[in-house]
Amino acid sequence: MYVDDLNIIDTSKELPKVVECLKKEFEMKDLGKTKFCLGLKIKHVTNGIFVHQSTYTEKVLKRFYMDKAHSLSTSMVVRSLDINKDPFWPQENDEEFVSDDTPYLSALGC
């Protein structure tokens with residue numbers, strides 16, 4: 001049987017032992033840390049790994065001729081699981097809460 005690619009994931013301490021054991025049984029070469037797998041870019045950082053899809057995003061932008069568009073920075077709305085700290089939760093007793101069944105555009109008044 002011939003296997004084209006194999007990713008081995010383990011702790012830093014155990015990984016060399018596993019690789020050596022596999023090399024004794026199979027003809028293989030270690031290509032190092034995975035950088036790209038199943039469309040995901042994998043970046044190894046000091047405290048873990050960072051996985052992103054920038055290649056896929058660029059492909060989608062090119063498909064719809066948006067790859068030359070100018071980007072804009074938009075702030076992200078941060079919600080809190082603590083209702084006392086959530087700025088979008090009703091603050092006054094007489095203030096209404098927009099329920100999940102309210103259409104988005106109606107809530108905005110559009």
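**Entry 1: confidence**

I looked up the confidence of the protein chain, and the average pLDDT is 77, with 75% of the residues scoring at least 70. pLDDT is the predictor's confidence in each residue, from 0 to 100. This is a predicted model, where local features need pLDDT of at least 70, side-chain atom pairs count only at pLDDT 80 or more, and totals for chains, interfaces and linings use all residues. Residues are numbered from 1 along each chain as its sequence is written, and side-chain values use heavy atoms, without hydrogens and water.

Among the elements, strand 2 (residues 40-45) has the highest mean pLDDT, 88. Helix 3 (residues 104-108) has the lowest, 56. Helices (H or I, at least four residues) and strands (E, at least two) are DSSP runs, numbered from the N terminus. I keep a reminder here: where pLDDT is low, the predicted coordinates should not be read in detail.

I found an open sheet of three strands in the order 1-2-3, with antiparallel pairing. Strand 1 (36-37) and strand 3 (48-52) stand at the edges, each with a single partner strand, so one side of each has no neighbour in the sheet. Strands pair if DSSP finds at least two bridges between them. Strand 1 and strand 2 pair over two bridges. I noted one partner: Cys37 is bridged to Leu40 in strand 2.

**Entry 2: cysteines**

How many disulfides does a search of the whole structure find? It finds zero. The test is a pair of cysteine sulfur atoms within 2.5 Å. Cys21 is partly exposed at 49% relative accessible area, and Cys37 is partly exposed at 24%. The cut-offs are under 20% for buried, over 50% for exposed, and partly exposed in between (1.4 Å probe, protein chains only).

**Entry 3: salt bridges**

I counted two salt bridges. Each needs a side-chain nitrogen of Lys or Arg within 4 Å of a carboxyl oxygen of Asp or Glu. Glu14 and Lys17 meet at 3.7 Å, N to O. Glu14 is partly exposed at 30%, whereas Lys17 is exposed at 52%. Lys68 and Asp67 meet at 3.8 Å, N to O. Lys68 is exposed at 70%, and Asp67 is partly exposed at 36%.

**Entry 4: a loop residue**

Where does Phe64 lie? I found Phe64 in the loop between helix 2 (54-63) and helix 3.
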